[in-house]
Each structure stands twice: as C-alpha cells, then as structure tokens.
Amino acid sequence: MDDYEVEQKAGYGFYSDDMYPGEDGQLTWFNAGVRVGVGIGLGMCVGVGIGVGLLMRSYQATTRNLRRRFF
C-alpha cells in the first residue's frame with residue numbers, strides 16, 4: 001500500500017489543480033460576479049419562458065371560449 005501514488009490529487013474542491021490552467025482556485029470578486037450574473041440571467045430566461053407559456057395557454061383558452069360563445 002506504500003507504493004500507491006495518486007496521479008491527480010483533488011484538494012478541497014471537486015476538480016484537480018491542473019484542470020483549469022491559470023486559475024488558482026480562489027473565488028475572486030470577478031468570478032463571484034460572473035457566477036451571480038449567469039445565475040440571474042438563467043433565472044430570467046426560465047422565468048420569461050414560463051411566463052410566455054402561461055400567457056399563451058390563457059390566450060388560447062380565452063379565444064376558445066370566445067369562439068364558442070360568439071361563433
């Protein structure tokens with residue numbers, strides 16, 4: 001068991017140190033801002049998609065009821 005050597009040692013994170021060259025693994029203000037921005041942008045896209053889907057569903061239900069009533 002003493003001869004066993006791990007080739008890629010993962011420290012306190014999930015990824016090894018050589019996976020991202022030039023990154024020291026520190027969370028800087030820039031990296032944190034990018035993550036927050038991506039999260040907000042993704043949340044807005046999902047929210048707009050859900051909102052448009054609900055709007056289209058209610059529009060189709062309304063036009064269906066109006067067609068039955070008037071035509």
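This report walks through the main features of one predicted model.

**The chain as a whole**

Let's start with the overall picture. The protein chain has 71 residues, and buried residues make up 1% of them. Its secondary structure is quick to describe, with one helix and zero strands. The accessible surface of the protein chain is about 7300 Å², and carbon and sulfur atoms account for 62% of that area.

**The annotated span**

Which residues does UniProt list as a "transmembrane region"? The unreviewed UniProt entry gives residues 36–59 for this feature.

**Two residues to look at**

Helix H1 covers residues 29–70, and Tyr 59 is part of it. Thr 28, by contrast, sits in the segment before H1. Here are their accessibilities side by side:

| Residue | Relative accessible area | Class |
|---|---|---|
| Tyr 59 | 53% | exposed |
| Thr 28 | 37% | partly exposed |

Tyr 59 counts as exposed because its 53% relative accessibility is over the 50% cut-off. Thr 28 is partly exposed because its value of 37% falls between the 20% and 50% limits.

Each of these residues also has partners to find. As for Thr 28, its side chain reaches the backbone nitrogen of Asn 31 at 3.2 Å.

Notes. Residues are numbered from 1 along each chain as its sequence is written. This is a predicted model: local features need pLDDT of at least 70, side-chain atom pairs count only at pLDDT 80 or more; totals for chains, interfaces and linings use all residues. Side-chain values use heavy atoms; hydrogens and water are left out. UniProt positions are given in the numbering used here, feature names are shortened, and annotations may be inferred rather than shown by experiment. Helices (H or I, at least four residues) and strands (E, at least two) are DSSP runs, numbered from the N terminus. Buried means under 20% relative accessible area, exposed over 50%, partly exposed in between (1.4 Å probe, protein chains only). Accessible areas come from the Shrake-Rupley method with a 1.4 Å probe; for residues, only the protein chains shown count as cover. A polar contact is a pair of N or O atoms within 3.5 Å; within protein, one must be able to donate a hydrogen and the other to accept it, and residues adjacent in sequence count only if both atoms are side-chain atoms.
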